[in-house]
Amino acid sequence: MAPQTTAPPTPKAAAATILFNVRDAVWRAALQSQMPELTFRHIDEDGDPGEIDFAFVWRPPRGLLASLPNLKAVFSVSAGVDHILLDETVPEHLPIVRMADPSQAEAMVEYAMMATLWLHRRMPHYQDSQCQLIWAPQPAVRTSEHRACVLGLGEFGSRIAQRLRDFGFETHGWSRTPKILDGIACYTGRKGLASALQRCNYLICVLPLTSETAGILNAETLALLPRGACIINMGRGAHIVDADLLSALDSGHIGGAILDVFNHEPLPNDHPYWRHPKVLVTPHIAAELYPPTAAGAVAENIRRMQVGLPLQHVFDRARGY
Ligand code: NDP
Ligand code: OXD
């Protein structure tokens, strides 16, 4: 009789303490169920800083991470790590790990498609018509007659571009290093950005925030878009120079904007985006994390570190993302 083979069990994480600052009790429960052998300490709870091995944080208070002498890695509660880098005291040697929740990519695609199709099918016009009790059908435009451009072709952007292509849009994309994606015109560099923006009807930004991408959507780049183009920003608020976008919306050069991320979150009550007739504001919900799968991604990385395997999804300081 052949001997029965079974896959080796996933090793459990060794005892360690993880500091976290997410408030929701759902998070503590999700982390605890994925890593029952770990001790969890909320930043509001007292305890010896020397006991902390890992931190799972969103926008940690300045100096907190530097004050933990035995910290081995920082896990970001989000895919972007810009909120951690706001604290310039974070020690350079500390690995910072991006969130890689498998359920997030599909949510990002869903949001990008919702926003593009909302604009493409002229929903802002029909909402307005309904408010005025006006029956005003508009001529249909085929997706193949419109061009979509995705800035950032990473985990999320490449999937978004592929889905736009599958919907029939003429799809373009822009990244830092060259990409080959079937049926998608891919560009790099400043010249490439200008080519990508030309004749683009829907511009979807899903870039990380770095010193190179901050303010990338400004008067100069918006002017490269054709009149009536629409902006969908799912990256970070600081990718857009707000005053430039508002003036392009007011002049009619930009036809509309769907914005999920902002320079200041929550978006202040007096910000013009809230009341602008051509802007749809959503409160950073393009892809909310699902605590059970997100906690699973953190647990997997802690186990890897504890058995000497390299961490996955580590922020690269040299690239800036
Ligand atoms: P990735 O790191 O996987 O991809 C980043 C992409 O941006 C890559 O294609 C990269 O190029 C490109 N890029 C980076 N710098 C430049 C540059 N200077 N010029 C041109 N292209 C550049 O990131 P993700 O796709 O996982 O996430 C992107 C961002 O989405 C996050 O950083 C976060 O800000 C945002 N986000 C927003 C959420 C929301 O709810 N609104 C949720 C989750 C994330 P290359 O391929 O050559 O490396
Ligand atoms: C983000 C996230 O990076 O929500 O915005 O993960």
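In which segment does His313 lie?

Reply: His313 lies in the segment after helix 10, where a helix is a DSSP run of H or I of at least four residues, a strand is a run of E of at least two, and both are numbered from the N terminus. This is a predicted model, in which local features need pLDDT of at least 70 and side-chain atom pairs pLDDT 80 or more, while totals for chains, interfaces and linings use all residues. Residues are numbered from 1 along each chain as its sequence is written, chains are lettered from A and ligands numbered from 1 in the order written, and side-chain values use heavy atoms without hydrogens or water.

His313 has a phi near 60 degrees, which is a positive value for a residue other than glycine. Most residues other than glycine have a negative phi. With a relative accessible area of 40%, His313 is partly exposed; buried means under 20%, exposed over 50%, and partly exposed in between, for a 1.4 Å probe and protein chains only. Helix 10 itself is followed by Gly308, whose phi is likewise positive, near 85 degrees.

Helix 10 covers residues 291-306. Its 16 residues reach 22 Å from the first C-alpha to the last. Its buried residues are Pro291, Ala294, Ala295, Val298, Ala299, Asn301, Ile302, Arg303 and Arg304. An α-helix has 3.6 residues a turn, so residues three or four places apart point the same way. Asn301 belongs to helix 10, and its relative accessible area of 4% is the reason why it is classed as buried. Beyond residues up to four places away in sequence, Asn301 touches Phe75, Val97, Leu311 and Gln312.

Elsewhere in the model, seven strands form an open sheet in the order 8-7-6-9-10-11-12, with parallel pairing; two strands pair if DSSP finds at least two bridges between them. Strand 8 (185-188) and strand 12 (279-281) have a single partner strand each and stand at the edges, so one side of each is left without a neighbour in the sheet. On average, neighbouring strands of this sheet are turned by 15 degrees against each other, direction ignored; axes are lines fitted to C-alpha atoms, for helices over the stretch in contact, and angles run from 0 to 180 degrees between N-to-C directions.

Strand 6 (residues 147-151) has five of its five residues buried, so the rest of the structure largely encloses it. From strand 6, Arg147, Cys149 and Leu151 point one way, whereas Ala148 and Val150 point the other way. In a regular strand the side chains alternate between the two faces of the sheet. Five bridges join strand 6 to strand 7 (residues 170-175), with the two running parallel. Within this pairing, Leu151 has Trp174 as its bridge partner in strand 7, and Cys149 has His172. Strand 6 is also joined by four bridges to strand 9 (residues 202-205), again running parallel, and there Leu151 stands opposite Cys205.

Two helices lie across strands of this sheet. Helix 5 (residues 155-166) makes a β-α-β unit with strand 6 and strand 7. Helix 5 lies across strand 6, strand 7 and strand 9, at about 170 degrees to strand 6. Helix 8 (residues 242-251) lies across strand 10 (229-233), strand 11 (254-259) and strand 12, at about 135 degrees to strand 11.

Leu133 has a positive phi near 55 degrees and is a residue other than glycine. Leu133 sits in the loop between helix 4 (123-131) and strand 6, and it counts as exposed because its relative accessibility is 79%. A cis peptide bond, with omega about -5 degrees, joins Glu265 and Pro266. Pro266 is placed in the loop between strand 11 and helix 9 (272-275). Finally, Ala223 lies in helix 7 (residues 219-224) and is exposed, at 53% relative accessibility. The C-alpha atom of Ala223 is separated by 42 Å from that of Leu64, which is 159 residues away along the chain.

Conventions. Right-handed = clockwise from strand over helix to strand, strands pointing away. Expected span 1.5 Å × (residues − 1). Contact = heavy atoms within 4.5 Å.
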